[in-house]
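Good morning, and thank you for making time for this presentation. I would ask you to look at the sequence and the structure as I bring them up, and then I shall go through the fold, the ion sites and the charged pairs.

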2 protein chains.
Amino acid sequence: MRLRVDLLPHGEYSDTVIVVDVLRATTTATVFLEHHADRLLFSGSIEESLGMKAENTIIAGERGGLAVAGFDLGNSPIEAGAGSYAGKTVVMNTTNGTYAARVASASAKHVLLGALRNAHAAARKAKGLAVEEIAIVCSGERGRASLDDTYTAGVLCEYLLAMGEFTLNDGARIALTLRRQVGDPIEPLSSSSGGMSLESKGLGEDIRFCARISESTIVPTLQSTQDGQVIFVSS
Amino acid sequence: MRLRVDLLPHGEYSDTVIVVDVLRATTTATVFLEHHADRLLFSGSIEESLGMKAENTIIAGERGGLAVAGFDLGNSPIEAGAGSYAGKTVVMNTTNGTYAARVASASAKHVLLGALRNAHAAARKAKGLAVEEIAIVCSGERGRASLDDTYTAGVLCEYLLAMGEFTLNDGARIALTLRRQVGDPIEPLSSSSGGMSLESKGLGEDIRFCARISESTIVPTLQSTQDGQVIFVSS
Ligand SMILES: [Ca+2]
Ligand SMILES: [Ca+2]
Ligand SMILES: [Ca+2]
């Protein structure tokens, strides 16, 4: 089986994809489902999110790490973990992560959301679904590869290589080398540009939360893209 | 000063850029100038190259590692090193490298071509030219980050860090970690997808040539982009 890492979303995906935005969208998405949200809807824009305000709907997301006027919640996994969302739809829109998830959802057969928090569970689930290729798609930071997502992709690759044989692309080799060179996830997450930006806004606790590996077995999984809506559930 | 590595060409560049396509365009470009070519003209397409056939002009390049019908030379640094080009213009067009060089040339103040072959000289020259930022722009492989170029960027970063203080972006951290983890350049170059493709076509000698570090002091340097022509000389 092929194991590829794309350091940025690129082109079409034919089989199983794990989308990574460890700081913070895919971590926070996992937490919403841990706290019993019925489903996550990844919207295409802030305007689209605001148009979805309704009973039993939570509007969440950020721009540049900050909350958006009119939204119910930001993009903080700690804040998300303080609530309970049974019977609710959470609508998310973030700077990089929702874009990557929407690109992958446009072509892949299976799309999962992965972070350090659910890394082992996401790797195991992808291995069970994939026929010929697992692609780990990093969200990156405004069109450039990011240290935090590349490191997280390396952790996912490490788990996958323990589960079977794969041929690796260049991105997977880069990510694995980074993971093997840097043991402690706090280092790449806090020195990444996304991490430094969060720290400067007083959100350093979020970085430490996102750095904890495989504490969750919840894997947000694409349910449908019906009517252009990209919906993830805990399956 | 800022030191950034873009694992793929991206957006605009404001100061000094080193473009990297170690397998093989920027290595071969360096060799053409070592062998006394007057100038290198990076064309936008095969058709444009063919339209430039003239006396004292050598048409060189490749598609998918192979020579192009009607071209005088391919993209092999060993083949390039067998000739002498005094008084001649070499027109180059390759799959990834000429595109990256043209993107950088559209906005940057100074553009250099870097490879392992001229890594130390390229780093030193960039350090002398740059005012606020050195950007190392990897060509990558068909829109995805490549192991060989990322490794080469790490070698350039290592030289630059020995010459002064820099703030690093995420790409620079990824490239430096790769360089520090993998000492011998033969390993990343031959296991990269570009390297494996060359090996499969019997061009393994080119990989070993491209892996030799800092044997040349020639740095192809953007002379002008007059009339949309992207011309490099040994300055
Ligand atoms: Ca991010
Ligand atoms: Ca190349
Ligand atoms: Ca090339």
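Let me begin with a convention: helices are DSSP runs of H or I with at least four residues, strands are DSSP runs of E with at least two, and both are numbered from the N terminus. The model is a predicted one, in which local features need pLDDT of at least 70 and side-chain atom pairs count only at pLDDT 80 or more, while totals for chains, interfaces and linings use all residues. Residues are numbered from 1 along each chain as its sequence is written, chains are lettered from A and ligands numbered from 1 in the order in which they are written, and side-chain values use heavy atoms, with hydrogens and water left out.

First, the overall form of chain A. Chain A holds 10 helices and 10 strands. Its radius of gyration is 16 Å, close to the 18 Å that the globule rule gives for 235 residues, so chain A is as compact as a globular protein of that length. For reference, that radius is taken over C-alpha atoms, and the rule is 2.2 Å times the number of residues to the power 0.38. Along the principal axes, the C-alpha atoms of chain A fill a box of roughly 45 × 40 × 30 Å.

How much of chain A is buried? The figure is 59% of its 235 residues, where buried means under 20% relative accessible area, exposed means over 50%, and partly exposed lies in between, with a 1.4 Å probe and protein chains only. The accessible surface of chain A comes to about 8700 Å², and 48% of that belongs to carbon and sulfur atoms; these areas come from the Shrake-Rupley method with a 1.4 Å probe, and for residues only the protein chains shown count as cover. As for contacts, defined as heavy atoms within 4.5 Å, consider those in chain A between residues at least 6 apart in sequence: 78% of them join residues at least 24 apart.

I turn to the calcium sites. In chain A, A:Asp21 (OD) and A:Leu23 (O) coordinate the calcium ion (ligand 1) at 2.3 to 2.4 Å. Donors here are N, O and S atoms within 2.8 Å of the metal, or 3.2 Å for Na, K and Ca; water is not among the atoms, so sites may look incomplete. Both A:Asp21 and A:Leu23 are buried. The peptide bond from A:Leu23 to A:Arg24 is cis, with omega near 5 degrees, and A:Arg24 is found in the loop between β2 (16-20) and α1 (25-34) of chain A.

In chain B, the protein donors of the calcium ion (ligand 2) are B:Asp21 (OD) and B:Leu23 (O), at 2.3 to 2.4 Å. B:Asp21 also bridges this ion and the calcium ion (ligand 3), the two ions lying 4.1 Å apart. B:Asp21 is buried at 4% relative accessible area, and B:Leu23 is buried at 13%. A cis peptide bond joins B:Leu23 and B:Arg24, with omega about 5 degrees.

Next, the salt bridges. The criterion is a side-chain nitrogen of Lys or Arg within 4 Å of a carboxyl oxygen of Asp or Glu, and the count over all chains comes to 24. In one of them, A:Glu133 meets A:Arg2 at 2.9 Å, N to O. What does this pair tie together? A:Glu133 lies in strand β7 (residues 133-138) and A:Arg2 in strand β1 (residues 2-6) of chain A, so the pair ties together parts that are 131 residues apart in sequence. A:Glu133 is buried, at 6%, whereas A:Arg2 is partly exposed, at 35%.

A further bridge joins A:Arg117 and A:Glu215 at 3.6 Å, N to O. A:Arg117 sits in the loop between β6 (110-114) and α5 (119-129) and A:Glu215 in the loop between α10 (204-210) and β9 (220-224) of chain A, so parts 98 residues apart in sequence are tied together. A:Arg117 counts as buried at 9% relative accessibility, and A:Glu215 as partly exposed at 44%. Both residues also belong to a network of salt bridges that links A:Glu34, A:Arg117, A:Arg212 and A:Glu215.

That brings me to the end, and I welcome your questions.
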